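Subject: Handover of a two-chain model

Dear colleague,

Please find below the structure that I am handing over to you.

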Amino acid sequence: MSSIRLRLLKWLVGPILVFNLGAAALTYMLAWTPAQLAFDDSLRGAAGALAARVRAEGLAPLGASRGNQDADDGAGEASWTALHGADGRLLAGSPALPPPRGPGLRDAQFQGEPVRIAVAALEWQGAPAHVSMARTVRARGQVRSAIVRSLVLLEGVFSLALIGLVWFSVGNGLAPLSRLRARLDARGSADLAPLDDTGMPRELAPVVDAFNALLGRIEAGARAQDEFRANVAHQLRTPLAGLQLQLEWLAARHAADPDSARSLGLMLQANERMIRQTNQLLSLERAEPNRFARARLQPLDLAQLVTESIQHFVEQAAAKDIDLGFELEAAPLQGDRFLLRDLVDNLVDNALRYTPAGGRVTVACGAGREEREEGSFLRVEDNGPGIPVHLRTQVFERFVRLDEQTTGSGLGLAIVRDIANLHGADLVLGAPAAGSGAVFIVYFP
Amino acid sequence: MHILLVEDDAVLADGLNRTLQAQGMQVEIARDGLQADALLQRNPPLVAVLDIGLPGIDGFEVVRRLRARGDATPVLLLTARDAVEDRVRGLETGADDYLVKPFATPELVARIRALARRNAPKSSVLALGNLVLDSGARRARVGERALELSVREWAVLEYLLQHAGRVVSKQQIVDAIAPWGEDLTLNAVEVYVSRLRLKLDGAGVSLRTIRGFGYLLEAGA
C-alpha cells in the first residue's frame, strides 16, 4: 500500500536536500574565493616587495638562501624564497624551489606539503630573472575548514528544520483524512447515514460525496432486503392461517381415528412451528437497531402488557399442563409497545417450551430493582431443567438451542436480548434459589 | 348468529367458514371489498370479519364507508401485517377489534362472540355446558337442577359467563360487580369463586384458577 505521507515526503525532502546541497556549494565558493584572492594578493605583494628589495639590496633579502626555509613568518606559515635566471638556473635562495615558469601564481607540493608559489619578474645584473616566493597554505586550510564546518552545521540544521516543517505540514494537511476516519470509526455497524461534510476541505468533498452515494446505495439495498423479508413473512401468514384452520377442522373430524389424528397432530405442530418462525423473523426485523425509533417510546406498564397476552399464554400452558402463575405489580417504564410485547411473548414462550409437562412457570413484574427504587423489572421463572452456567451467555445468541428435542428456532432469546438492549435494560439469567430451573430477569432503567 | 366473512384467500376463507359454522354461526362470504360493501348494506350481519388486504377496495375503506353510513355493525379486522400503522389506522377508521393472522382459533371465536354480544338484542339467557343462567327470570340451573346463588355469586357467575373462554382478572370481576366503589376485596372474589366451583359440580364447565391473576371459565369438565 502506498502512503500519501511518504510520497509527499519523498518529493519534498529529496529536492530540498539537493537544493540545499547546491546552495551550500555556492555559499562555499562565495566565501572561499575572496579569501583565496586575499591570500594570493598578500603572497603576490610579498613576492613583489621581495623583488624590489633584491633590486635595491642585492641578494641579502634572500637570507633564507642559506637554509631551506625562512623563519616562520609569524602567521604559522613557512615560506621559501629563491632567485632564478631566465634560463631557470638558481641564482640564489632555496634550491628546493622549482624553477619558475614565468610571473604569476601557482600551486605546488613542497616537502610533502602543499604550497602556493608567487613569482615576480625583475632585472638582475642586466638580465631578466624571477623571484619566487613559496608559502605554505596552512592558514588557508584553516579558513577553508572553518567555512566548511559552519556551512555543514548551518545547512544541516536548516535541512533538518525544513524536513521537520514538511513533516508537520504533511501531517497537518492530512488531518482532515484522520478526522474523516475517526467519524467513520465512531459509527455503529448499522449507521448508514451520510457523512457530514461540514469542515471538510474542498479536496475531500468529491471523496465524501462518492462515499455518501455508496452509503446511500447500501442503505437502499439493506432497506429493500428488510422489506423483502418482511413482505415474505407477511405473505406467508395468510396461507399459514388457512392451513391451520383446515388442519384443525380435519383433526376434529378424524379425532376417532388414531392414525389420522396422529398425522394431523404432527402437521398442526409443523404448521405451528412455521407460524412461530415467521413471527420471529418479523420480531427480529422490528428489533433491528436502525428501525428503533425513540419517538415511538411511550409510558407503558409491564403488568398491562403481560395482561394483553395472557389469554395466549394460558392456552399454551394448558396444552402442556403447566401451572402458569402471575405476580403482576404496576411496572411503569418508557418503551416501544410492540417490541416489549415481543419481549414478553418470547420470554414466556421460551419458559413454557422448555419446561416439561406438569411443570411450573411464574411471570412477575414490578417496580424497582433489588434495593433501588427506580426502574422496573420483568421476571420469568420456571422449574424446568435450567441452563448450565457455562451456557448462560451463549443462549442469547441467534440459532443457539440447548435442547434438540424441543422445537424452537433458537431466535426467541436473541430477540429478547435485542429488545432489552434497545431499551437499555439489563438481562440477567440465573437459577432459582431452590430446585432446578431458570430465572430470566429484565431490569428496565 | 349471522356473520359476514370477507376474505380473498380461498383456503383461509373456507377454513374460517367451517370453523365458524362448527361454532353454530351462519357465515356469509364475500371475496372482495365491493361485494362486502354491497352485502353489508343489503343484509347487515351481526358481526363482520374483514380482511384488510382485499382486491378492489381494502378493508379500511369498507369500514370507512360503513361508518359513514352511520352503520354500527361491529367489525373485526384481520391483518397479515402487524405494522403499527395498520393497527392504529384500523381502529381509527372505526373497526372494533383486530386480529393478526395467523390467530388461535379459540381467540377468534371468543372475539367474534364478544362483538356479537355487543350487537345482539340483549339476550337474558347465558348458557355454557349444562349451565343456564336466565337473568330475566333470575333463575339458574344445571341441567334440570336449580341452582341457588347469592346476589354476589350470581354477579360473579354472570360476568364469567359473559366472558366464557377468556381469562379474566380478579380486579376485572371486582370492577364489574361492584362498580360504585363498594367495598369488595380480591379475597372476597376468591371466596365467591370457590363457592361457585362447588355449586357448578357436574355442570360440564371448568372454572380454572389462573394463579396470581384470575379465572377462566370454559365448557368441559
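This is a predicted model: local features need pLDDT of at least 70, side-chain atom pairs count only at pLDDT 80 or more; totals for chains, interfaces and linings use all residues.

Residues are numbered from 1 along each chain as its sequence is written, and chains are lettered from A and ligands numbered from 1 in the order in which they are written.

The two chains

Helices (H or I, at least four residues) and strands (E, at least two) are DSSP runs, numbered from the N terminus. Chain A has eight helices and twelve strands, and chain B also has eight helices and twelve strands. A residue is called buried if 20 or more other C-beta atoms lie within 10 Å of its own, exposed if 12 or fewer do, and partly exposed in between, with C-beta atoms placed from the backbone. By this rule, 27% of the 445 residues of chain A are buried, and 35% of the 221 residues of chain B are buried.

Two residues are in contact if their C-beta atoms, placed from the backbone, lie within 7 Å. Among contacts in chain A with a separation of 6 or more, 64% are between residues 24 or more positions apart. In chain B, 54% of the contacts between residues at least 6 apart in sequence join residues at least 24 apart.

Helix pairs

Two packed helices are described by the angle between their axes and the distance between the axes. Here the axes are lines fitted to C-alpha atoms, for helices over the stretch in contact, and angles run from 0 to 180 degrees between N-to-C directions. Angles under 35 degrees count as roughly parallel, over 145 as roughly antiparallel, 65 to 115 as roughly perpendicular and the rest as oblique. A crossing is left-handed if the near helix is turned anticlockwise from the far one by less than a right angle, and right-handed if clockwise. For residue classes, Ala, Val, Leu, Ile, Met, Phe, Trp, Tyr, Cys and Pro count as nonpolar, Asp, Glu, Lys and Arg as charged, and the others, Gly among them, as polar.

In chain A, helix H1 (residues 4-57) packs against helix H2 (residues 138-185) at an angle of about 160°, with the axes 9 Å apart. H1(A) and H2(A) are therefore roughly antiparallel. Their contact has 24 nonpolar, four polar and four charged residues. H1(A) passes H2(A) in a right-handed crossing.

The axes of H7(A) and helix H8 (residues 412-422) of chain A come within 9 Å and cross at roughly 145°, and this crossing is left-handed. Among the residues that meet are Leu339(A) and Leu343(A) of H7(A), and Val416(A) and Ile419(A) of H8(A). By class, this contact holds ten nonpolar, three polar and two charged residues.

In chain B, the axes of helix H6 (residues 151-162) and helix H8 (residues 186-199) come within 10 Å and cross at roughly 85°. H6(B) is therefore roughly perpendicular to H8(B).

Nonpolar cores

A nonpolar core is a set of buried Ala, Val, Leu, Ile, Met, Phe, Trp, Tyr and Cys residues joined through C-beta atoms within 7 Å. The largest has 71 residues, of which Val306(A), Cys365(A), Ile419(A) and Val156(B) touch the most other members. Helix H7 (residues 337-354) of chain A gives the most to this core, with nine residues. A second, separate core of 42 residues includes Ala241(A), Ala30(B), Ala36(B) and Leu108(B).

Contact between the chains

In total, 26 residues of chain A are in contact with 26 residues of chain B. On the chain A side, H3(A) provides the largest share, 13 residues. That side divides into twelve nonpolar, nine polar and five charged residues.

Two single residues

Arg417(A) lies in helix H8 of chain A and counts as buried, with 20 C-beta neighbours inside 10 Å. Leaving out residues up to four places away in sequence, Arg417(A) touches Phe396(A) and Leu427(A).

Gly143(B) lies in the loop between strand S8 (139-142) and strand S9 (145-147) of chain B. Gly143(B) is partly exposed, with 13 other C-beta atoms within 10 Å.

Yours sincerely
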